Amino acid sequence: MNDHVIEFRSAEDHGHFRRALGRFATGVTVVTTRTPAGKLEGLTVNSFSSVSLDPPLVLWSIQRRAPSLASFVEAGRFAVNVLGTHQKKLCRQFATPRDDKFADVAHQLGANGCPLLDDSLARFECRTESVIEGGDHLIFLGRVERAMHRDGEPLIFSTGAFWVPALLPEADPSPVAAKG
């Protein structure tokens with residue numbers, strides 16, 4: 001095995017750090033919001049994670065320089081749309097800067113007013129609990145007020161590429177250790 005090891009000492013280490021992080025496969029989401037003025041915002045996010053079951057909390061992060069950051073802070077609410085393999089195009093659309101990311105995107109407004117993307121595998125409608133500083137990102141902690149899910153194959157991102165999940169076969173049962 002050829003391990004690539006580096007200690008972090010400078011900004012030159014960021015590429016190596018990013019490649020190491022890329023070995024952790026993540027699901028792909030589109031996080032959306034609607035400002036009090038009615039502007040719809042959305043962006044592709046793979047930093048989504050569950051935090052707590054009681055109360056139901058999730059988190060995601062956004063770059064401080066993201067054009068939509070002020071909208072998410074101002075809105076105080078958001079929705080997380082978990083994408084399926086059939087929604088790869090949406091992932092790219094919401095990851096690319098454009099005036100109207102919702103153009104030609106089938107969606108509806110949820111109970112909290114945020115856009116919910118049609119055919120998502122799961123959707124979480126959240127109220128922002130807190131925004132936490134984290135380096136060059138802000139971390140949004142949200143209380144889940146509504147959630148839905150359906151069957152389907154999740155869109156997975158790892159090592160700079162999209163992947164399709166495959167169910168691993170169950171391992172052969174190991175022999176039971178002798179009682180002594």
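Glu129 has a relative accessibility of 34% and therefore counts as partly exposed, a class that lies between buried (under 20% relative accessible area) and exposed (over 50%), computed with a 1.4 Å probe on protein chains only. The structure is a predicted model, in which local features need pLDDT of at least 70 and side-chain atom pairs count only at pLDDT 80 or more, while totals for chains, interfaces and linings use all residues. Residues are numbered from 1 along each chain as its sequence is written, and side-chain values use heavy atoms, with hydrogens and water left out.

Glu129 takes part in a salt bridge with Arg143, the closest N and O atoms being 3.0 Å apart; a salt bridge here is a side-chain nitrogen of Lys or Arg within 4 Å of a carboxyl oxygen of Asp or Glu. This pair links distant parts of the chain, with Glu129 in strand S9 and Arg143 in strand S10, 14 residues apart. Strands (E, at least two residues) and helices (H or I, at least four) are DSSP runs, numbered from the N terminus. The side chain of Glu129 also meets that of Arg127 in a salt bridge (3.0 Å, N to O). Arg127 is partly exposed at 35%, and so is Arg143 at 27%. Together with Glu145, these residues form a network of salt bridges.

In total, six salt bridges are counted. Another of interest joins the side chains of Arg64 and Glu133 (3.3 Å, N to O). Here, too, distant parts of the chain are linked: Arg64 sits in the loop between S5 and H2, Glu133 in strand S9 (residues 122-134), and 69 residues separate them. Arg64 is partly exposed at 38% relative accessibility, whereas Glu133, with a relative accessible area of 63%, is exposed.

Finally, Ser158 lies in strand S11 (residues 156-158) and is buried, at 10% relative accessibility. Beyond its neighbours within four places in sequence, Ser158 is in contact (heavy atoms within 4.5 Å) with Gly22, Arg23, Phe24, Ala25 and Trp163.
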